[in-house]
Amino acid sequence: MKHSLGEFEELVLLIVGAWRDRAYGVLILKTLEEKVEKKVNISAVHVILKRLENKGFVKSRFGSPASNRGGRRKKFYVITAFGKKLLDHQYALRDNIYRQIPEISFG
Amino acid sequence: MKPTPPKGALRFLRWFCREDYLEEIEGDLTELYEGHYDTSPFKAKWKFAGNVMRYFRPSFIKSFKTNPHLNPIAMFRHNFLMTYRSFKRYKRLFLINLFGLSTGMACALLIFLWVDNEMNIDKFFEKDDQLFQVMQNLHHTHGVETIEATPVPLAKGLAEEMPEIAFSVAVVPPTFNISKGVIAVEDTRVKATGQYVSGDFFNTFSYRLIRGNKNKILSNKNEVVISKALALKLFNSTESAIGKTINWKARDINRLCLVSGIFESPPSTATNHFDLLLSYELFQEINPGAGWGDSSPRTYVLLKPGTSIGQFNDKIGSFLKTKDKNSKATLFLQRYSDRYLYGLYENGVPAGGRIEYVRLFSIIAIFILLVACINFMSLSTARSLRKIKEVGIKKVVGARRGTLMMQYMGESVLMAFLSLVVAMLLVVLFLPHFNLVTGKQLSLNFDADLILVLLAITLFAGIVSGSYPALYISSFKPASTLKGRLDSSLGAIWARKGLVIFQFAVAVVLIVSVWVVYEQVKFVQSENLGYDRDHVIYFDTDNVNEDFMFKIRSIPGVLNAGGGNMVAGKPLGGTNGIHWEGKDQGDAPFFSRLWAGYNLIETLGMEMVAGQAFSEDFGSHNQIIFNETAIERMALKDPIGKMVKIDNSEMQIVGVAKDFHFESLYEEIKPCVIFLAPIIYAPKVSVKIRAGTENETIDKLRRIYQTHSPEEVFDFKFMDDDYQRLYASEKRVAILSRYFAGLAIVISGLGLFGLLAFTVEKRLKEIGIRKILGATDLGIIRLLSGDLTRMVLIAIIIALPLSYLIVTKWLDDFAYRIDLKWWYFIGAGLLTMLVAWLTVGTQMLKTVRINPAASLKNE
C-alpha cells in the first residue's frame, strides 16, 4: 500500500474510528487532549480531518442543529472501510516487525 | 442568555472562509467559545479571535476569483448587444443623449483649442524659461504704476553689470508713436511695421534668422533686417535681397538702409509682429540725449541657466537708483511668455490679465460638459425602472455588482465615444465661424496632445454620466425587483431632482452673465467719451504744412481737421517733469501727454470748461491745456493764464478741457496735458467728415494727399473702428458667452424634455383614471408641471446670488461700468422658466388630450 499516515494523522484516524459515528471536531480535540496530553489547536484537527477526507479514509455527514453551537450543525466523521484497511495494514506491518525484536533484555 | 462570539472576528471568518467548511468551523469554534466563556469571558473572546486567525490559510480561504468559466468576450458581446438594442428601442432618448453629449463635447473641444492656443502664445522661444522682460514700477505719491517702457541705456547697463544675464536687448516696439512706416525700393512702396532693436536681438529671441549672422547683425546703424515675406514682396527672392538698399520713412526718419539679413516672420502665436528690424543706434541718433530718466524702449534679458529669478529680482530692484539718484522707479522681471496672459498690474501687484478669460472659458466648458452629462444621468436613472427585471435576473443568475456596474459604465462610455464622433463633425463644421469670432486661426491637428485631450474629454463624459446610473441601478435587490417592486429611495429621487436643479442653475447664471456682458459692451460703445469719434477718420502723414491743412479744410464734406497724436483709447506717453506754482518738493505726478494741433480739439468736439482751445490768435506756441483731473491734481485755483514750466520752457495755461476718456474705459481718467503741436509735430491728421458724404470726401482727401505727398501711401482709419477694437475681447466674450448660454439652456431643456416624457409615460394610467374621475385639463397640467416649476424655481433662487457675485466681479475691472438692474436677474429667471415650460408644453398638451380608454385598455 502506497498510502501512509503521519503520527498525528494516525491518531486522529484512530479516534474517529474509536468514536464510531459520533466523532466531530470538538470531541476529537478533547479526546486528543485527554489521551495524548498534548496541546492541540482546533484548526490543526480540522486540517487533518480535511486531509483524511480528501484521501478517502474518512467520510462525513451533517447532524442536526445544536443549540450549544449557535444553531449550527455538527459535522460527524466516520472511518471508511478503506481507512480501516489502512489502519489494519499499518498495524499488521508494525506488529510483524515488532515481533521480530529478539526477546533480549535491554536493561 | 447565551454568550455570542465576537462579531468582528465572526464576520471576518465568514468573509474569507470556504463556504463548504464554514458551518463546521463556525460551529466548532462557537462550541469551544461557550466552554471557555464560563471560565473567563475575556480570554474566550481572545481565544476565539486567535482561532479564527489560524484558519486564515490557503486551504481554508475561499476562491475570490470570479467564475472561471466566465467568458469575457461573450459578456462584452452581450452587453454591447443590450446597449445597441436599448438605443434602437428608445430612439428618442438615444438622440437626446447623443445630441446633448456631442454638443457639450464639441463646446468643450472648441474651448480647449482656444485655451490651448492662448496658453501657447509666445511660448515658442527656445529658451522660454530664461527669457524675461524688464518691467518698471513707478512709485508716485498716489500709488504704483507698472509700465513696460524702460530707460534707453538700461539694456546695455544691465548686461555690463549683471553677470547673470546672458544677453539683453532693447526694443522699440512697432506700436510706439508711429504706426507704420513706408519702405520704398525704386517705385515700389510698401507699408511695413518696423522696430528698432539692439545687437543681441536674435541671441535673446530665437526668431529664425534665415540669412545673416546673428552675432553681428545690426551692428551698423544703417543696416536693416527684413522678414522673408517682405523680401519676397520687394525683391522676389531671399537671395537677391541681401545687399540691396531700401528707403525707410517713418515720421521723422527718412534714410537708406542696407539689407543685411532676413528672418522668418514670427509665428501666429507671437504677440510681437514686425516686418523689419532697424538698428537701435539709429533710434538713439534720432532721439539724442535720452538718459536714465526717460523711458521708451522695452528691455528684454536672457538669463543664464540656473539663475534664481527671485534673487535676481531683489538684486535689480534698485538698479535705477545707482544710475539716477532721483529715480523713483524700481525694476523687476516678468517672464516674457507670461506677459500675454498675466499682463495686468494694479498698484505694482500682479492683477491677472487675459488669464481671467482663459479661466472663465475653461470653467464654462466644464459646466457645459457637466450639464450634458447630467442629461444622460437623469435619463438613464429614470429609465432604470425598465431595467429592474433585467438587473434582478442577472443578479439571481450570479452577476456581481461590479460586473453590472461595468455594464452600465460601458454603455455610457460607448455613448460618449459615439458622441465624440458627432462632436468632431460639429467642431469641423463650426471651426471657421469660431475662428471668426475669436480672431484666431485654430485647427484640429491630431497630435498626441489633442488625442489625449479627446480621450480625456470622452472618458470624463462617459464616466461622469455613467457613474450615478451604474451605482443606482446595480444596487437593486434582486428579490424585490423580481416581485416588480422598486423602492425609489428618497435619495434617488433627490439626486435626480438635484441634477435638474443644477442644470438650470447653470443656465440661469450663464443667462445673467451674458445679459450683463452685453449691456456693458453696449454701454462702452455708446459711452460719451468726452470727444466725438463718429465720422472722424485719421491718417498719418510726414509732410504736413499749412497749405495742406488749408486744402483739406476746404473740401466741402470736411467739417474740420486738425493734427495731433490722438488715437482712440491708446495709452499715451507722458511726462512727470511739469512744475507749477505751489508744487510740493518731491511730488512728481505723471501726466499723460497729448499733442494737438490747432483745430484738433474742435474737430473732436471736446468741451472746454474754462478758457479756450489753442488758437493762432494767441501769438505764441507756448500754450498748454490741462484736463480737469490734472488741474485738480495740481490743486491750481484759477488756472487760466498761469505759467507752468516744462522741460525748461515756460508755458501758459490757456484752457481746461472737460475730462475725456483718452484711454480705454478700464482706466480711470488720469491727469493729462495737451501740448500745442507745431504742424511738423502733428503727423496724425484727424478729419471730421459730414455724415453721409464719407465716400466722396475720402476720395477727395486721397487725391489731395497724393498730389501733396506722392511718396506716401494714403492709409486712413475711422476713429470709431479703432475704438471698437479696444473692446474686441469683451465683444468676443459677449458673443461666445451668448452661444454657450444658448447651448446650455438647449441642452438642459432637452434633458427636461426627455425626463418629462418618461414621467408622463409612467403616469399615463394614473392620468387616465384621474380623467375618468373628472380631473380637468388644467388640473392635470398643474399636477405634471408642479414638480418641474418647483425645481426650476429652486434653481433660480440658488443661481441668482451666485450670478450677482460673478458679474460684479467682472464689472469691477471696468472703471466705468453699468449699474446692475434688478430686471437682469428677474428677467433671466423668467426666461429660464419660460424655456422650461415651453420645452414641456407640447408634451403636456399631448398627454392631457389622451383618451383615458386608450391608456387604461392595455395591462
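**Helix pair in chain A.** I started with the crossing of α2(A) and α3(A), which is right-handed; a crossing gets that label if the near helix is turned clockwise from the far one by less than a right angle, and left-handed if anticlockwise. This is a predicted model, where local features need pLDDT of at least 70, side-chain atom pairs count only at pLDDT 80 or more, and totals for chains, interfaces and linings use all residues. Residues are numbered from 1 along each chain as its sequence is written, while chains are lettered from A and ligands numbered from 1 in the order in which they are written.

I noted the extents as residues 25-36 for α2(A) and 42-55 for α3(A). Helices (H or I, at least four residues) and strands (E, at least two) are DSSP runs, numbered from the N terminus. The two axes come within 10 Å and cross at roughly 110°; axes are lines fitted to C-alpha atoms, for helices over the stretch in contact, and angles run from 0 to 180 degrees between N-to-C directions. That makes α2(A) and α3(A) roughly perpendicular (65 to 115 degrees; under 35 is roughly parallel, over 145 roughly antiparallel, the rest oblique).

On the α2(A) side I found A:Gly25, A:Ile28 and A:Leu29 in the contact, and on the α3(A) side A:Ile42, A:Val45 and A:His46. Contact here means C-beta atoms, placed from the backbone, within 7 Å. I sorted the contact into four nonpolar, two polar and no charged residues. For those classes, Ala, Val, Leu, Ile, Met, Phe, Trp, Tyr, Cys and Pro are nonpolar, Asp, Glu, Lys and Arg are charged, and the others, Gly among them, are polar.

**Rest of chain A.** I get four helices and two strands, in the sequence pattern α-α-α-β-β-α. Of its 107 residues, 26% are buried (20 or more other C-beta atoms within 10 Å of a residue's own; 12 or fewer is exposed, in between is partly exposed, with C-beta atoms placed from the backbone). Among chain A contacts between residues at least 6 apart in sequence, 48% join residues at least 24 apart.

I also checked A:Arg20, in the loop between α1 (7-18) and α2 of chain A. Its phi is near 50°, a positive value in a residue other than glycine. A:Arg20 is exposed, with 10 other C-beta atoms within 10 Å.

**Where the chains meet.** I find 15 residues of chain B in contact with 15 of chain A. On the chain B side, α2 (19-39) and α3 (41-54) each supply at least two residues, and α2(B) gives the largest share, eleven. By class, that side has four nonpolar, four polar and seven charged residues.

B:Asp38 counts as exposed because it has 9 C-beta neighbours inside 10 Å. It lies 35 residues from B:Pro3 in sequence and 9.4 Å from it in space, C-alpha to C-alpha.

**Chain B overall.** I get 27 helices and 27 strands. Buried residues make up 36% of its 859 residues. Among contacts between residues at least 6 apart in sequence, 82% join residues at least 24 apart.

**Helix pair in chain B.** I compared α5 (residues 91-119) with α14 (residues 401-438) of chain B: their axes come within 7 Å and cross at roughly 45°. That makes α5(B) oblique to α14(B). The crossing is right-handed. The contact includes B:Leu101, B:Leu109 and B:Trp114 of α5(B), and B:Leu426, B:Phe430 and B:Phe434 of α14(B). I count 17 nonpolar, five polar and no charged residues there.

Then I looked at B:Asp122, in the loop between α5 and β1 (131-140) of chain B. It has a positive phi of about 65° although it is not a glycine. B:Asp122 counts as buried, with 21 C-beta neighbours inside 10 Å.

**A sheet in chain B.** I traced an open sheet of four strands, ordered β17-β26-β16-β27, with antiparallel pairing; two strands pair if DSSP finds at least two bridges between them. The edge strands, each pairing on one side only, are β17 (558-563) and β27 (716-718). The twist averages 20° from one strand to the next. Helix α18 (residues 546-553) of chain B packs on the sheet, touching β17 and β26 (684-689), and its direction makes about 160° with that of β17(B). Helix α21 (residues 694-708) of chain B lies across β16, β17, β26 and β27, at about 145° to β26(B). Three bridges join β16 (residues 536-540) to the antiparallel β27(B), and B:Ile537 has B:Phe718 as its bridge partner.

Note on methods
Contact = placed C-beta atoms within 7 Å.
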